[in-house]
Amino acid sequence: MRIRQNGSTIRIDCPAKLNLYLDILSRRSDGYHELETLMVPITIFDTLIFSANRSGRIQLRCRHGHGRDSATTGSAGDLPHGMDNIVLKAAEQMRQGADSSAGLLVTLVKRIPSAAGLGGASSDAAATLMATNRLWSRGLDESQLADEAARLGSDVPFFLGSGAAVCRGRGENITRLGTIPRLHMVVVKPPVGLSTPTVFQRCTPTGGMGKLPALLAAAEQSNVSRFTGLFCNQLQPAADQLSPWIARLRNAFDQTDVLAHQMTGSGSSYFGVCRHASHARRVANQIRSARLGTVYATTTMTKHYRNN
């Protein structure tokens with residue numbers, strides 16, 4: 001996160017994420033799935049501006065913004081309204097914990113596509129927790145904020161921290177990693193999104209592929225070829241059954257010279273790993289010419305929390 005505060009106003013730039021590795025181990029009795037994933041933040045951002053006031057109401061204003069650190073405009077799709085919106089849920093959850101009637105105006109500039117597997121809603125929720133923790137003087141520490149985040153969604157705790165992480169359980173058990181290779185990416189969001197619950201219902205648990213230790217060892221050694229060669233997403237076969245866009249994107253990236261390519265999260269976004277920034281720009285133009293959706297040239301972030 002990039003955080004700037006001026007009095008009772010806080011502005012936060014919230015990154016998207018990619019799943020470089022995603023293994024579905026088993027189905028849980030609570031309806032969730034046991035998983036193991038390596039997630040990294042990338043330089044596609046939503047922006048949230050939080051302004052405390054005395055209105056007693058929590059209000060959310062949304063607009064689409066031009067892509068930051070990309071050459072395109074991000075399409076957010078239809079955002080949930082009222083308390084179905086995770087930003088409002090997060091703010092109300094924090095206000096109830098403070099036993100307060102404080103008012104809050106949140107302005108959301110949406111650049112991360114929705115229903116895309118890029119974690120935009122979760123990132124926005126994490127930003128809301130951090131902002132309201134400050135504005136309402138909750139004084140929650142990192143562990144307490146993580147508990148609040150886990151109540152909102154499986155990916156939300158990831159965005160409270162910095163850089164890449166291995167996430168386990170349903171995503172809430174997080175192990176932060178040291179530096180991993182910086183990667184130049186091309187990310188494509190096709191015109192049609194996918195429902196996360198539906199994709200998970202269709203997936204087949206593996207029981208554990210056991211490739212993660214080798215993946216992390218390659219990252220530590222900065223062996224990019226070995227590292228990218230171990231990427232996988234066990235939700236991709238299920239998504240492939242639900243949307244023809246996954247196969248279209250896979251076939252399009254097969255026609256490029258990227259190091260690796262796959263779907264992220266539960267889809268429908270798809271990414272390819274490039275050798276350097278100019279390679280990413282070239283591949284982005286090639287994919288963009290095929291008119292397969294919104295295309296971003298982006299990079300992974302080794303650190304994504306900055307407190308100004």
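This is a predicted model: local features need pLDDT of at least 70, side-chain atom pairs count only at pLDDT 80 or more; totals for chains, interfaces and linings use all residues.
Five names make up the buried residues of α9: His279, Ala280, Val283, Ala284 and Ile287. Viewed down the helix axis, these buried residues fall within an arc of 135°, so they line one face of α9. What do the buried residues of α9 pack against? Their partners are the strands β8 (184–189), β11 (270–274) and β12 (294–299), together with helix α8 (244–254). After α9 comes arginine 291, whose phi is positive, near 55°.

Attention now turns to helix α1, which spans residues 86–98 and packs with both α2 and α3. Two packed helices are described by the angle between their axes and the distance between the axes. For α1 and α2 (residues 120–135), the angle is about 25° and the axes are 8 Å apart. The two helices are therefore roughly parallel to each other, and their crossing is right-handed. On the α1 side, the contact is made by Ile86, Val87, Ala90, Ala91 and Met94. These residues meet Ala121, Asp124, Ala125, Thr128, Leu129, Thr132 and Asn133 of α2.

With α3 (residues 142–152), the axis of α1 crosses at roughly 135°, and the two axes come within 10 Å. That angle makes α1 oblique to α3; here, too, the crossing is right-handed. Ile86, Lys89, Ala90, Gln93 and Met94 of α1 meet Leu145, Glu148, Arg151 and Leu152 of α3.

The last stop is leucine 105, a residue of strand β5 (residues 103–110). Is leucine 105 buried or exposed? Its relative accessibility is 17%, and because buried means under 20%, leucine 105 counts as buried. Leucine 105 and alanine 52 are 53 residues apart in sequence, yet their C-alpha atoms are 6.5 Å apart in space. Leaving aside residues up to four places away in sequence, leucine 105 touches Ile49, Phe50, Ser51, Asn53, Gln59 and Arg61.

Conventions. Residues are numbered from 1 along each chain as its sequence is written. Side-chain values use heavy atoms; hydrogens and water are left out. Buried means under 20% relative accessible area, exposed over 50%, partly exposed in between (1.4 Å probe, protein chains only). Helices (H or I, at least four residues) and strands (E, at least two) are DSSP runs, numbered from the N terminus. The arc is that of the directions from the helix axis to the C-beta atoms. Contact means heavy atoms within 4.5 Å. Axes are lines fitted to C-alpha atoms, for helices over the stretch in contact, and angles run from 0 to 180 degrees between N-to-C directions. Angles under 35 degrees count as roughly parallel, over 145 as roughly antiparallel, 65 to 115 as roughly perpendicular and the rest as oblique. A crossing is left-handed if the near helix is turned anticlockwise from the far one by less than a right angle, and right-handed if clockwise.
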